[in-house]
Amino acid sequence: MSKGLLIVASGPSGVGKGTINRMMMERLSGIGYSVSVTTRSPRGGEVNGKDYFFVDKVAFFNMMNEDKLLEYAEVFGNYYGTPREYVEGELAAGRDVLLEIDVQGALQIKEKIPEAVTVFFSPPNMDELEKRLRGRATEEDDVVIRRLMDAAWELSQQNKYDYVLTNDDLNSCVDKYIEVIKKERGKRK
């Protein structure tokens, strides 16, 4: 049995990662979603264990010290990480796994697991990204500005990814994403 495919998806806040990944997984079977651990508070409607595993900083640092995270990063004062056990177990069983993580984490994963397939979702331009962030209406103005500043750095890292897909048309972006995954699955056969 061959090892599963590890798909690592990143991009700036507001680019549409969650929507793109959800649509892809509705159309393409056989991909497990790795739920990240975070120290941030849940946003409205988020469910513990489904959207994230919400933990305090002590629990998070214990996971780090016990090597229970494949990667971790601090983002806007909160910590995020990928639980090692689930991902390694699924891959060893030959099942594909999707990680939707930030750029810092994706670069850590690529270093540790070079065969991981990395996909960066880019906005059509910064004006559109700002419009999307403000349209969410979930954060204060200073947070939106900080996210836009971070986006500039994240965009500068996109050349380190295997694939860069621009989300200028949602359905087209999802179609291209599915093509990428099918192509990478084909290489593994």
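Modeller: The structure holds 7 aromatic pairs. Rings of Phe, Tyr and Trp (its six-membered ring) pair if their centres lie within 6.5 Å; planes under 30 degrees apart count as stacked, over 60 as edge-to-face and the rest as tilted. This is a predicted model, in which local features need pLDDT of at least 70 and side-chain atom pairs count only at pLDDT 80 or more, while totals for chains, interfaces and linings use all residues. Residues are numbered from 1 along each chain as its sequence is written, and side-chain values use heavy atoms, with hydrogens and water left out.

Biologist: How is the pair of Phe60 and Tyr79 described?

Modeller: A pair of aromatic rings is described by the distance of the centres and the angle of the planes. For Phe60 and Tyr79 the centres are 5.7 Å apart and the planes are at 40°, so the pair is tilted. Phe60 belongs to helix 2 (residues 57-65) and Tyr79 to strand 6 (residues 78-83), so the pair ties together parts that are 19 residues apart in sequence. Helices (H or I, at least four residues) and strands (E, at least two) are DSSP runs, numbered from the N terminus.

Biologist: Are Phe60 and Tyr79 buried or exposed?

Modeller: Both Phe60 and Tyr79 are buried, where buried means under 20% relative accessible area, exposed over 50% and partly exposed in between (1.4 Å probe, protein chains only).

Biologist: What is the geometry of Phe121 and Tyr177?

Modeller: Their ring centres lie 4.9 Å apart with planes at 90°, so the pair is edge-to-face. Phe121 is buried, as is Tyr177.

Biologist: Which residues form one aromatic cluster?

Modeller: Tyr52, Phe54 and Tyr80 do.
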